Amino acid sequence: MSQQLPKERRIILKNADNPDYSNRINCYLREGGYQNLKKAFGMKPEEVGEEVLKSGVRGRGGAGFPAGMKWKFLDRKSGKPIYLICNADESEPGTFKDRQIMYKDPHQLIEGMMIAAYAIGAKQAFIYIRAEFHEGARILNRAIAEATEAGFCGVNILVSAFSCNLVVHRGAGAYICGEETGLIESLEGKRPNPRIKPPYFPAVLGLYQCPTIVNNVETLCNVRHIIEMGGEEFSKIGKPNNTGTRIWCVSGQVMKPGYYEFECGALTLGQMIFDVCGGLRPGRTLKAVIPGGSSAKVLKADERFTGTHKDGTSFDWGLEDIPLDFDGPMAAGSMSGSGGIIVMDDTVDIVQAMANVNAFYAHESCGQCTPCREGSLWMRKITQRMCNGGAREEDADLLLSVAKQIEGRTICAFGEAAAWPTQSFVTKFKDDFIKKATEPSGDVDNKNLQLI
Amino acid sequence: MISSTDVEMVTITLNGKEVEVPNGINAVEAAALHGSEVPHYCYHPKLSVAGNCRMCLVEMGTPMRDRATGDSILEEDGSPKIGWVPKPVIGCATNVSPGMHLRTESDLVHECREGIMEFLLVNHPLDCPICDQAGECRLQEFATDYGRGYSRYIERKNVKPKRTRLGPRVTLDDERCILCSRCIRFSQEVAKDDVLGFVDRGSFSTLTCFPGKELSNNYSLNTVDICPVGALTSTDFRFKMRVWFLKETKSICPESSAACNTTISSREGVIQRITPRRNDLVNDTWMTDSGRELYKDVRSENRILRPSVNKIDLPLNEAIDRSIQCLTGKRIGVVASCHSTVEEQILTKILADRTGAPIFIRGHFGEDDGILLSADRTPNLRGALATGLTDTYPDDNLTDLNDVLSRGELDSLLVINEDLVGSSVSEENLDNVSIVYLGTHRNQSSELAEVVLPSLTSFEKPGSYLNRSFIAQAFEQAVPGPVGLSPQVEILAQLISGLSDEKVRYSNLDEIWKLAHSDEKNLLGEITFSDLLLNGIQINGSAWAHLNFAEKAALHFTPLGDSSHD
């Protein structure tokens, strides 16, 4: 915290919050919008893909998989149509970055998508937007109409032979639709049960069993900027293997929660909480931080994180020292996920927080595969009982055991998303869980604890 | 089944032992071929892979190769180093490839199974004492293998509907459902009647019918068979019988020429239910609902239980004597049946040959559903062809008999299981002929008959049929027939002996087949009944390729003469 505080570097959200900027096309064109689409159309599609690969940009949806690599996996020889899908089902608790982009600068996403569609050869693209963003769907539809009118989208884009139809599809309110194969099922009009992989890798057997690329909103916006500055130049932003900027969404008990765009690795978690977000409320101390949306493993305030990086250098961090990029939280045993940083101070009852997270996953489990379906609800029932005065000392170990029976045995990553919070909360705050049983608080308010 | 001749075999390492398996089959099947059962719920060999129960998790690895050179990476002891997939994989969706390593019995695999079992049971009602599935329940079976033996679950169990009527024949207990989706996939993929689905989500997911629809197709009871737990139950069989009391008999469904292989479950001589038996060349693991109800014929009201002469009950031997009197020295005709077994048809042919009686035979036809209910609603029309009862394809009536009768050319008729009046034969033409009726159920012809000889249904006798693909299949006797009755072959043999100089002697069904072998025109080859008991045998049907068979292409059936033979 002694270092000088780095400044926000806004690339994606450059214009979003300018007072004289609106989500209409004239504002976007005024700020140089759609120039990069023209630039991309001057290149060969493979060259566009090559730039994205060179940029090293990693997916912003949660898993952090290199986007250029994902495009490489695309099965181009099948002769089947190729689809591009923008995953705008932003539902990870603690995450609210894509919403800012779509509501405030939708044309940036459209431009990014059209460049991506050109690169992968998709003639049909979809934006799968979560049901709750009804205003966002309206804004996007208006923006698509504007872009189509101006020839940036739809038939014969920029008077070229390339056409790509873009459709906004609204979900029906399920977290699992953010899982890419679940999203594809939902887009096909079915119940969004994630598919088994193998064989249903979207790049080979995706939407309607055709090769499909699914990218996050922020990732696709980055494509526009990669074309603008070139992959090489883009890769210089941030740190190696952690290129570009990231929008961090800070929520919880800090003075200034909100979204902040920084170069990857430009600041530490401590700087984010205590400097950028104005620190905790007066008199409070930090208890725990979830660094990447509720699925990420929780970090305890007084934990030490030690180990060696891939390059052989060792590190010894406190929670405050964890660099905010992809690899930092990963090295600390958690993940940067979707960039949703949830801060908890000492007034938080950690078991209640756990109960809340568990309630979310039990509510959102699609119910397709056994471990996630039964395990998530069981964990919810246990933690809810604990909060309602029925805690037992053995519950902590039971929770860990249930979580272990889920992790790694499910169809999709929801299993890990549901198991990791429990594993980390219970392991790191075991005393709090034991205390629930041994020192009943007698807190009558807990009897009717409302979850999610 | 898989024949090793046309399938490429590959070597995999299963639990440390090198074994040969057909290339591309999944790990569950591969392990089963070598005696290692991988428990599973959602996987069904005849349905698409869903991979949702997670019970078949196994460890999988492949020999590691150097990325640069492509050479195998070796362990210190010189054996190839195996790159094990870090997470367990589902066996049902893991297809074997050369050199693959599988562990189906490791500690991790057992731990996975124990975990899944516990999860499946936490919200399960555990009402085995009143559950129809008890005794044939995969949940029970694997719970004994991988269950904890006590419950760590002290929370309240989920509550779901207990008695949902999914259709006229299927009742659902949602609390027992483990959401394996077999029934949904069956409805979509086999019955082609997409009416089932899940509503709600997570552990509250509930199987139900789509609004305004019901599970009423003619294959609905297969969902009950494939339900690995007691969620889907047959409304007919529900709460009737504990399955461990049932005696099982291999049988063949007589409903149509599809000839589904079946298992007849009976107790103390009473049939309780009929279920399909797997035959990958005929019916896979399915059968029709209508075929399952045929057992009700055994105890139906119009069943003929006593031999009679002019409506007066007599012992069987006296009725047979009277029949012989009726038929001796007369111009007689024989009305044969496509419902008869091959053995009965062989004897019918012998009887007609010895007495010089003309044979009349009709077919029974209905709509072909393209699956397992074929247009030919008799089990053995092809048997009638093969045994020489007819050279032409039977019509759906007996107008030729009517013509003969109207010309007054016949005095007596031996009618086997056929209703003449319902087959375009006018009643006035029957006034002047005496009828010997040999059949199982009363109809207008039996009412007109002078002598009525009761016979046994296909559940009460052994026999064989030739199905639509000319596969000869045998069935065994499931339950005893009514007291005092004899099998049709016995009655026919006595009639033959009474009507001709030479006696027909046989001590078993094989010898009846051998009687046919002496016939020059015999087309059944050199097989006999007992050859069929283990598996059906394909008969060469090309001699009849010119006939216009009623069946259309269906499951495991391509019509003769159709170039696209499979």
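**Exercise 1. Describe the overall make-up of chain B.**

Start with secondary structure: chain B has 14 helices and 24 strands. Helices (H or I, at least four residues) and strands (E, at least two) are DSSP runs, numbered from the N terminus. The model is predicted: local features need pLDDT of at least 70, side-chain atom pairs count only at pLDDT 80 or more, and totals for chains, interfaces and linings use all residues. Residues are numbered from 1 along each chain as its sequence is written, with chains lettered from A and ligands numbered from 1 in the order in which they are written.

Next, burial. Of the 566 residues of chain B, 48% count as buried (20 or more other C-beta atoms within 10 Å of the residue's own, C-beta atoms being placed from the backbone).

**Exercise 2. Find which side of helix H3 of chain A is buried, and what covers it.**

Step one: list the buried residues. In H3 (residues 45-55) of chain A they are A:Val48, A:Gly49, A:Glu51, A:Val52 and A:Ser55. Step two: check their directions. They cover an arc of only 155° around the axis, so they lie on the same side of H3(A). The arc is taken from the directions from the helix axis to the C-beta atoms. Step three: look after the helix. A:Gly56 follows H3(A), with a positive phi near 70°.

**Exercise 3. Work out the edges of the five-stranded sheet in chain A.**

First, the order: the open sheet runs E8-E7-E13-E9-E10 (chain A), with mixed pairing. Strands pair if DSSP finds at least two bridges between them. E8 (258-263) and E10 (299-300) of chain A each have a single partner strand, so one side of each lacks a neighbour in the sheet. Finally, E7 (residues 245-252) of chain A runs antiparallel to E8(A), joined by six bridges.

Methods:
Buried ≥ 20, exposed ≤ 12 C-beta atoms within 10 Å, placed from the backbone.
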